[in-house]
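Colleague: Could we go through this model together? I would like to begin with the overall picture and then turn to particular residues.

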Amino acid sequence: MSRFFATGSDSESEESSSADEITPKAPGATFKQSLLLSDDEEDTKRVVRSAKDKRFEELTNLIKTIRNAMKIRDMSKCLEEFEQLCRAFLKSKNIVDKEGIPPFYIRLLADLEDYLNQLWEDKEGKKKMNKNNAKALSTLRQKIRKYNRDFESEIAAYKENPQESADEEEEEKEPEDSGSSSDSEGEVSSKSFLKKKPEAPSEATKFLKTAKGSGDESSSSDEDDDDDDDEDWGSDQSGSSGETSDKEEGKTSSMSVLFLKKAQDTEKPGVRKEERKKKPKLKERIEEEAEEEGGEEAGGGWEKVKGGVPLVKEKPKMFAKGTEINTAVVVKKLNEILQARGKKGTDRAAQIELFHALAAIAAENNLGQGILVKIKFNIIASLYDYNPNLAAFMKPDMWKKCLDCIDELLDILFEHNNIFIGENIAEDSENLAVSDQPFRVRGCILTLVERMDEEFTKIMQNTDPHSQEYVDNLKDEGRVCGIVDRLLTYLENKGSTEEICRVYLRRIMHTYYKFDYKAHRRSLGLQGETKSEQDQEESEGEDSAVIMDRLCKFIYAKDRTDRIRTCAILCHIYHHALHSRWYQARDLMLMSHLQDNIQHADPPVQILYNRTMVQLGICAFRQGMIKDAHNALLDIQSSGRAKELLGQGLLMRNMQERNAEQEKIEKRRQVPFHMHINLELLECVYLVSAMLLEIPYMAAHEFDARRRMISKQFHHQLRVGERQPLLGPPESMREHVVAASKAMKMGDWRTCHSFIINEKMNSKVWDLFPEAQRVREMLVRKIQEESLRTYLFTYSSVYDSISMATLSEMFELEMPTVHSIISKMIINEELMASLDQPTQTVVMHRTEPTSLQNMALQLAEKLGNLVENNERVFDLKQGVYGGYFNRDQKGGYQQKQSYQRDQKSYQQKQSGYQRGGYRNQNQGNY
């Protein structure tokens, strides 16, 4: 007797015996034997699977985990499983090369990329994510985009016809599953049958299936399962359901009935396959509908919920049907909307829409301009509050809405003179209803415009300056200036002096850094090239200089706050310097005494001061005031932090000194790119000024031990140039200046000129000036004069006399200029010589010590200093200075008195000697 009959139950033995009698051997031998095995034998039986099945099963399990994580928006899990999936796919490379990339893998890559893009575009959803999920989302998005580049063609083919790709996938899986469950061809197993998940069949079809004894099977095939686990137990369930149905209905004839039933059902998969081709899968359809309807209810009544627990918040209903719309009701509704402002979870975009809807209702019911102005104030405030973070800048659509709202508000205020607005109006005393009294609304239009100006600055700070987007954003400045001008006109009539000063400063800040080319051309006597340009120039109003002068002088006279006046003075100086009005700019700076207490000002004002001083130095350079230019630029350039001091960027080496919060504050202080001062031009002007001052000074004090440096930065550049082992032609701006300095030191002005003024330096520096040619001519003149002085300092010991005509020819200077330079040098005792007027020569006096004498003098001076220091140390050790006051005071005082008496008698003798000598001299003369 077999072991089955020994251990099995009675029912099992009856069933097995009946099966042994009837079941044919060939078609279902394998399946029959698996049914007749006991539980113990099932546990111990080995299932031999191919390498392909193993690898694909591993991939399928990972894909299931990823899809489950996608459903619950667990980005960390998605990232972890995706990395494992990539590694598993790499292991399966040999099989993939033979069999091709499995369609289910391509499908996951395409779905995952679309899913991540959808999450990335959902800004609100991203804000609600925790830190780990947000970080994982960003990392996974980058990885999937990079990974999908290797499968672009397959993904594109899948996206063109996703249904066909899914069908191919099913067709590939179907023969494998049927082959593993049965050895006979044409037999369809329950597992492959359950693979197909068509739309829900009609009631008649369900009834027919149930009548044939496959009700459980149809119900299991109707379920919307994407998991292979469900498919695995589907086959067992179908087999077991067949057995139980036979037992319950008394159909215990034979096991072949089960297979006959399956033979009858073999036609159904083909029909279902056609239905599946016609209609998308339920899950895909639900996702598509959810995307189209924006998360509203789609197929089956499900609602697509964004990550996290949804906050149940009821939107405030506008007005119940039949409510009488009046001012009090609208104000009440306005306050209801305002109550949600600033609370956690409040939808700020929806709040702005509610305000707009309320404004439309107020306008529709003719409730007057007062309530409309109040709603507009709140709309603009809500637009500013849309970004809760202070460092964040407004999005373009919000920015456009803000400008439109402010323009509309100003239109209302200009059209209706009976509207009074102000911060000092209490909410209780507001008059919003239409009446004989003027409207009174609490609010400050100036504060809104100032905030708008700050938002514009933030937008410019956070935009890439080298992109087209920056240019497009900069075009909005004209609109911003227009709003400021309109507000200026409004406040000049209705505003206080303090408000007028504030709005004047806003207008100044948009004007002071712009060069007025049209005014510059008019000052030079040039006219527009075409008639339209000439007409445009005639039709234009005041020059920027006149506007700046009028606005600044009003602030000087009326302002009571130091900050506004200080900013106005600095802007005024900057504008003068920019337009080469050197003397006005210099006098205004000296009269203001700002340099005495600017260190106590706040950082933005200090940045403005630094910008003004730099512009002042550049202006002095253009005018040929080399010493003044060097003095103005010295503080900024010697610090080595010009970029940071001018608010044009942060230095990386100082990043460790500041924390993240300080760095954010520093970035908010940065000046927008279109207001930057060219740092290379600034450094070039400083180095050239230092060269023109330092080289003659070095030549004059070559052997002076106490020679001081005028510019440390210039000396540093010279040392860098001297340390270079190989001197090639200069490339950078600094190398050009160093090479020119060496040439000037030798008195070779032509070489110096060629290094300072050439095509490369013109394009980098000199062509950036408004009057570039005049600046170049001034530079040539200065190089000639300073080279002449350097030549005389260096080679005066070689000459007994030198003709001024020769010097004039050498340096291509006029005779009067050469005469003037040499005369100044003689007067200042820089050159020991005299001018021989008849012969026009310079006669050297040979009073300069030789190099040996200079060295001897230096040694003597150093020895004297050493002796003096030695004596001072010796006296300190002996206590002479310390014990002076411990001596006998009386003796010391008497000695001092006697010393004073001796001095007095000596002075009397001297005076008597002088008087006597003077008398004797006079008598002798007489």
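Modeller: Helices (H or I, at least four residues) and strands (E, at least two) are DSSP runs, numbered from the N terminus. By that definition the chain has 47 helices and 5 strands. This is a predicted model, in which local features need pLDDT of at least 70 and side-chain atom pairs count only at pLDDT 80 or more, while totals for chains, interfaces and linings use all residues. Residues are numbered from 1 along each chain as its sequence is written, and side-chain values use heavy atoms, with hydrogens and water left out.

Colleague: What is the mean pLDDT of the chain?

Modeller: The mean is 75, and 70% of the residues reach 70 or more. pLDDT is the predictor's confidence in each residue, from 0 to 100.

Colleague: Where does pLDDT stay under 50?

Modeller: One such stretch is residues 174–254, for which the model has 101 contacts beyond four places in sequence. Another is residues 289–301, with 13 contacts of that kind. A contact means heavy atoms within 4.5 Å.

Colleague: And how much of the chain is buried?

Modeller: Buried residues make up 39% of the 926 residues. Buried means under 20% relative accessible area, exposed over 50%, and partly exposed in between (1.4 Å probe, protein chains only).

Colleague: Changing topic, how many disulfides are there?

Modeller: The structure holds 0 disulfides, a disulfide being a pair of cysteine sulfur atoms within 2.5 Å.

Colleague: Now the helices. How do α20 and α21 pack?

Modeller: Helix α20 (residues 327–339) and helix α21 (residues 348–364) pack at an angle of about 175 degrees, with their axes 11 Å apart. Axes are lines fitted to C-alpha atoms, for helices over the stretch in contact, and angles run from 0 to 180 degrees between N-to-C directions. The two helices are therefore roughly antiparallel to each other. Angles under 35 degrees count as roughly parallel, over 145 as roughly antiparallel, 65 to 115 as roughly perpendicular and the rest as oblique.

Colleague: Which residues meet there?

Modeller: On the α20 side they are V330, K333, L334, I337 and L338, and these meet Q351, L354, F355 and L358 in α21.

Colleague: What about A362, is it buried or exposed?

Modeller: A362, which is found in helix α21, counts as buried at 3% relative accessibility. Not counting residues up to four places away in sequence, A362 touches L367, I371 and I375. The C-alpha atoms of A362 and L372 are separated by 6.8 Å, with the two residues 10 apart along the chain.

Colleague: And how do α8 and α11 cross?

Modeller: The axes of α8 (residues 103–121) and α11 (residues 152–160) come within 9 Å and cross at roughly 80 degrees. These helices are therefore roughly perpendicular to each other. Among the residues in contact, I106, L109 and A110 belong to α8, and I155 and Y158 to α11.

Colleague: Last topic: which phi value does H593 have?

Modeller: Phi of H593 is near 55 degrees, a positive value in a residue other than glycine. Most residues other than glycine have a negative phi. H593 lies in the loop between α32 (582–592) and α33 (594–597) and is partly exposed, at 47%.

Colleague: Where is Q840 placed?

Modeller: Q840 is in the loop between β4 (833–836) and β5 (841–844). Q840 too is not a glycine, yet has a positive phi of about 55 degrees, and its relative accessible area of 26% makes it partly exposed.
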